[in-house]
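Subject: Structure handover

Hello,

Here is the structure for you to open. My notes on what turned up follow below it.

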Amino acid sequence: MFVHPNVYMRRGIFGDLLHVNRLTWENRYSSCCLSAFDVTGLKAFRSLEKIQRKGLQYANMSSQIVTTVNSSSMQEQESHSPYTYEAAMEALSSLITRKKRDRNLNTDAKYTKLERMSMYIQILGIKEQIADLNIIHVAGTKGKGSTCTFCEAILRESGFRTGLFTSPHLIDVKERFRLNGLEISEEQFLLYFWGTWNQLKDKVTEDLPMPPLFQFLTLLGLKIFVSEKVDVAIIEVGIGGKNDSTNVIQDPVVCGIASLGFDHMEILGDTLGKIALQKAGIFKPKVPAFTVPQLPEAMAVLKQRAHELEVPLQVVTQLTYERLNGVKLSLSGDHQLVNAGLAVSLCKSWLNTKGEWEKLFKRDIADDSLPEAFLRGLSTAHLSGRAQIVHDVSLGLNNNQIKTDESCHGELIFYLDGAHSPESMDACAKWFSNVVNEKVHRPVPLFSKGRNINESYSGNGYIQQPNEKEESKTISKRILLFNCMDVREPEIILPRLVDICSSSGSSFSKAIFVPSISTYSKVTSGNSDIPINTPSKDLAWQFNLQRVWERIIHRKDIGGINKNSKMEVMPPTEFLYDDISHCNPENGKFSCSAVFPSLPMAVSFLRKSARDNPSLRLQVLVTGSLHLVGDVLKLLRR
């Protein structure tokens with residue numbers, strides 16, 4: 001028998017005693033929802049603080065006996081509860097099986113990944129209900145997360161209850177699960193997490209161990225959406241498609257393939273054709289599918305696989321500004337027109353299949369215009385860490401406030417995009433060049449007082465234009481803050497970034513290379529402490545990135561960087577003003593770039609530079625890794 005330790009019983013609500021049914025995981029959790037626990041359990045969760053201040057009755061896990069305890073013992077019990085949010089993060093961390101991905105692991109396992117996923121779903125008792133989720137399933141190399149986010153917003157604005165599953169998360173794992181456009185609450189997360197965890201844990205065998213992290217999170221997402229009875233679930237593929245955990249989905253309403261390119265080649269293959277075949281693995285017989293224009297090698301594979309499965313595959317052109325009718329996409333960058341076009345086609349197909357298109361938008365069918373609900377969705381969708389602009393409010397600027405002549409400090413603006421493949425880096429470079437060259441641009445502050453976090457995520461960041469007098473006194477410095485995984489190829493992605501920005505008149509003054517805070521061996525909560533002054537012990541990869549950068553800037557080979565070049569302390573502020581002519585990499589003098597021992601030190605350095613120089617505007621592009629982007633966002637909200 002199980003009653004969540006945060007669920008309490010008290011007298012006086014409905015006559016005598018509020019009744020909370022104790023749930024046996026095998027019986028009650030086999031249904032599609034949580035029955036009585038949905039109502040009373042969540043209410044109890046949300047009034048936890050109020051309950052803890054009173055001497056109430058506590059439902060103990062190991063017994064059906066209800067005992068009376070005082071407030072102090074209640075709080076002591078809660079502080080030692082094994083079902084806290086931090087305990088959930090520890091449990092998730094235990095599911096991380098390796099730090100680096102390997103396509104050849106678990107070759108001796110009795111069951112394949114998807115066979116295990118099917119068995120887990122049977123244990124959770126949601127196999128039949130998954131078909132009722134009316135799923136939109138989206139794969140791709142770049143743009144799949146944005147496409148899913150647009151789809152969710154469009155269908156929510158059209159009046160449907162939505163569920164959205166995306167990856168990875170940037171600050172907190174709850175970001176991966178949205179209900180009706182909102183990140184799932186901590187109370188809901190704990191309720192579904194521990195329910196799913198205990199159900200699976202009870203059925204562990206040698207041949208069926210606990211699922212690895214992403215498999216578990218996929219199962220958790222499906223469990224949440226089934227229990228919350230969403231009208232539509234939009235599911236983003238993790239990696240690839242054919243062997244991805246999300247491909248346990250057998251009956252999607254429609255499938256989408258976003259732009260394809262070279263990424264995760266150690267898993268998906270080293271040619272575009274092999275990668276496309278993996279992505280096409282989400283196609284299901286006769287289920288409609290949509291894709292965007294692809295390179296010929298990729299398109300040929302998609303069309304061949306669609307033909308084999310009798311899939312009606314349509315190629316979608318990007319959305320035009322005429323069809324948007326003056327509405328601005330909430331996600332920045334011209335490449336988002338491609339993703340928005342795919343999302344519009346996926347949603348229209350979904351509505352047609354469900355018999356809702358004519359019912360809702362009959363008047364809009366006559367021409368090629370978009371329904372108002374579609375336009376609202378396209379203009380309000382939000383996705384953190386993709387073409388996101390954040391003004392560092394720690395310098396003292398309030399929300400919507402612009403710098404004036406009397407400001408005693410400069411500006412620090414972060415442009416965040418988790419691009420990490422050649423194609424996504426091209427899009428990132430074009431976006432960054434466009435926004436920094438637009439004088440009307442002023443970024444929306446993030447985590448500022450009185451502002452909802454989701455509002456900060458959702459806007460393109462255009463505020464009031466500064467006066468010409470102020471603008472003429474401002475010295476703008478464009479800084480690259482970069483890190484990437486060692487499986488990436490900086491020799492390919494960094495030159496493309498430099499070339500596009502240089503040709504657009506937005507060259508970088510300096511580059512800073514840092515190790516990420518996040519590790520691949522631990523899941524942490526968004527409220528966990530950040531080690532401010534703990535330098536990385538191994539900066540070899542960052543020095544390699546610096547060497548690549550210097551070679552690009554100087555257009556010649558740069559010898560190895562010896563250990564004497566290693567920075568133990570932050571460089572002086574003058575580093576930002578050093579002329580490139582002072583740079584002599586061959587003698588170990590790197591005026592074009594710097595390696596910082598930790599990300600917090602780098603951010604502190606940038607903040608101090610802006611704070612000490614009223615005429616300075618630092619425009620910092622943070623890219624190369626979604627983990628780095630998430631770490632920066634986490635630091636900025638501190």
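This is a predicted model: local features need pLDDT of at least 70, side-chain atom pairs count only at pLDDT 80 or more; totals for chains, interfaces and linings use all residues.

Helix 10 itself covers residues 213-227, which makes 15 residues. From first C-alpha to last it reaches 21 Å, close to the 21 Å expected at 1.5 Å a residue. Most of helix 10 is covered, with 14 of its 15 residues buried.

Now the whole chain. It has 24 helices and 17 strands. Of its 638 residues, 56% count as buried. Take the contacts between residues at least 6 apart in sequence: 77% of them join residues at least 24 apart.

Two pairings are worth a look. Strands 12 and 13 run antiparallel and are joined by four bridges. Gln388 has Leu416 in strand 13 as its bridge partner. Strand 14 (residues 475-482) and strand 15 (residues 510-513) pair in the parallel sense, also over four bridges. There, Ile479 is bridged to Lys510 in strand 15.

In a regular strand, side chains alternate between the two faces of the sheet. In strand 12 both faces are covered. Gln388 and Val390 are on one side, Ile389 and His391 on the other, and all are buried.

A helix pair

Helix 6 (residues 113-124) packs with helix 9 (residues 186-201) at an angle of about 110 degrees. Their axes are 9 Å apart. That angle falls within 65 to 115 degrees, so the two helices count as roughly perpendicular. Helix 6 brings Tyr120, Ile123 and Leu124 to the contact; helix 9 brings Thr196, Gln199 and Leu200. By type, the residues of this contact are four nonpolar, two polar and no charged.

Loops to check

Most residues other than glycine have a negative phi, and most peptide bonds are trans.

- Asn134 is not a glycine, yet its phi is positive, about 50 degrees. It is in the loop between helix 7 (127-130) and strand 4 (136-139). Asn134 counts as buried because its relative accessibility is 13%, under the 20% cut-off.
- Glu310 also has a positive phi, near 55 degrees. Its loop joins helix 13 (296-308) and strand 11 (313-315). Glu310 counts as exposed because its relative accessibility is 54%, over the 50% cut-off.
- The peptide bond from Ser167 to Pro168 is cis, with omega near -5 degrees. Pro168 is in the loop between strand 5 and strand 6 (177-179).

One more loop residue: Ser158, between helix 8 (144-157) and strand 5 (162-165). What does Ser158 touch, leaving out residues up to four places away in sequence? Leu360, Phe361, Ala373 and Phe374. Ser158 counts as buried, at 12% relative accessibility.

Best wishes

Terms used. Residues are numbered from 1 along each chain as its sequence is written. Side-chain values use heavy atoms; hydrogens and water are left out. Two strands pair if DSSP finds at least two bridges between them. The expected span of a helix is 1.5 Å times one less than its number of residues. Buried means under 20% relative accessible area, exposed over 50%, partly exposed in between (1.4 Å probe, protein chains only). Axes are lines fitted to C-alpha atoms, for helices over the stretch in contact, and angles run from 0 to 180 degrees between N-to-C directions. Angles under 35 degrees count as roughly parallel, over 145 as roughly antiparallel, 65 to 115 as roughly perpendicular and the rest as oblique. Contact means heavy atoms within 4.5 Å. Ala, Val, Leu, Ile, Met, Phe, Trp, Tyr, Cys and Pro count as nonpolar, Asp, Glu, Lys and Arg as charged, and the others, Gly among them, as polar.
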